[in-house]
Amino acid sequence: MQWVSKALDKITQGSIIDGVDWGLGDENPLSIVLSNACDLEHRKCSFLIVLALLPASETLSNSKEFISKVESADNNKGLGSKAWNSLCEFLKGYIHNKNICRYYFFDPRPELDVEPLVVDFQMIRSVPFAKIGELERLAQLSSPFVEQMVVHFAGYTARIPSDRVDDDEEKKLLAELTCGYKKNQ
Amino acid sequence: MNALNLRNITLVAFVTACSTSINANGEDVSGTTMLTTMNRIVSSNWDTGYQVRQEMNIAFPPRKDLKERYCRIAKANWFQEAYHDMSVGDVLSIE
């Protein structure tokens, strides 16, 4: 399966670009365009909205969740069966983008010679549209992955925090919903 | 001198160089050396080069530097500070 294809002849939603200044000098990551294709086509943008592309392996392996799953590893990074399965399930969730979360995963190879990347929905920037000519189009995230990424972004940013039911109410609801099933002692 | 004028000068210089079979350095600019010459001209000014490449539909050379850049990013202080031991956050399962 190939996530990424050749760059299109103009910048559009899903374009993978270089040249956005994230203020990090020669460690500036590549970016992906989030701006809506219609707005770009009909020049309804004052700004180009872009998200940073980060190295997937290092981003995920640096996370608390990954670290907790490998803390039982031996000196050779060997994991027991349960820990290994847990780690793989964690990573599979990202490979298949089966969850809406902070990152959207894709592998840009073979179109781009770089390791798998994640789009970070928290690392976002607006670039004045007048500077669009300074940006280099490298590749294009293919459809339907562009649309999937946008839906994930919308789902991630539209989360609404709410109160949780307390423990007593939770127990009452569980008693109703478990339909008479119970845990064996 | 604005970008438009510089672009036009670059184009004229390129066309002039390629219109003769031998350039000022005595090199044969026919065939593939034309593209090499073009790359040299356009890469000297990135903005102008980009516009010229677009208009002449010349592909950018394959990027060989990305792997190295991402190795640097992974080890960078800003990356480690932002991402080390950071929770991936709330996860909404959609399967």
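User: Where does Asp168(A) lie, and in which helix?

Analyst: Asp168(A) belongs to helix α6 (residues 167-177) of chain A. Helices here are DSSP runs of H or I with at least four residues, strands are runs of E with at least two, and both are numbered from the N terminus. Do keep in mind that this is a predicted model, where local features need pLDDT of at least 70 and side-chain atom pairs count only at pLDDT 80 or more, while totals for chains, interfaces and linings use all residues. Residues are numbered from 1 along each chain as its sequence is written, chains are lettered from A and ligands numbered from 1 in the order in which they are written, and side-chain values use heavy atoms, without hydrogens and water.

User: Why is Asp168(A) called exposed?

Analyst: Its relative accessible area is 54%. Exposed means over 50%, buried means under 20%, and partly exposed is in between (1.4 Å probe, protein chains only), so Asp168(A) counts as exposed.

User: Which residues gather with Asp168(A) in a patch of negative charge on the surface?

Analyst: The patch holds Asp166(A), Asp167(A), Asp168(A), Glu169(A) and Glu170(A). Asp and Glu count as negative, Lys and Arg as positive, and His and the chain ends are not counted. A patch takes residues with over 30% relative accessible area and no salt bridge, joining like charges within 9 Å and nonpolar side chains (Val, Leu, Ile, Met, Phe, Trp, Tyr) within 5 Å. The place of a charge is CG of Asp, CD of Glu, NZ of Lys or CZ of Arg.

User: What makes Lys6(A) and Glu111(A) a salt bridge?

Analyst: A salt bridge needs a side-chain nitrogen of Lys or Arg within 4 Å of a carboxyl oxygen of Asp or Glu. The closest N and O atoms of Lys6(A) and Glu111(A) are 3.7 Å apart, so the pair meets the definition. Lys6(A) lies in strand β1 (residues 4-6) and Glu111(A) in the loop between β6 (103-106) and β7 (117-128), so the pair ties together parts 105 residues apart in sequence. Lys6(A) is exposed at 60%, whereas Glu111(A) is partly exposed at 24%.

User: How do you know which pair joins two chains?

Analyst: Look at Lys67(B) and Asp113(A), whose closest N and O atoms are 3.4 Å apart in a salt bridge. Lys67(B) sits in helix α4 (residues 66-75) of chain B and Asp113(A) in the loop between β6 and β7 of chain A, so the pair joins two chains. Salt bridges with shared partners also link Asp18(A), Asp65(B) and Arg69(B) into one network. The whole structure holds 12 salt bridges over all chains.

User: What is the relative accessibility of Asp107(A), and is this residue buried or exposed?

Analyst: Asp107(A) comes out at 16%, so it counts as buried. Its salt-bridge partner is Arg109(A), with the closest N and O atoms 2.9 Å apart. Arg109(A) is partly exposed at 35%.

User: Why is strand β4 (residues 47-55) of chain A called largely enclosed?

Analyst: Seven of its nine residues are buried, so the rest of the structure largely encloses β4(A).

User: How many bridges join β4(A) to β7(A)?

Analyst: Nine bridges join these antiparallel strands. Two strands pair if DSSP finds at least two bridges between them, so β4(A) and β7(A) qualify. In β7(A), Arg125(A) is the bridge partner of Val50(A). β4(A) also runs antiparallel to β3(A), over three bridges, with Ile32(A) opposite Leu51(A).

Key:
Areas by Shrake-Rupley, 256 points an atom, 1.4 Å probe, with all protein chains shown as cover.
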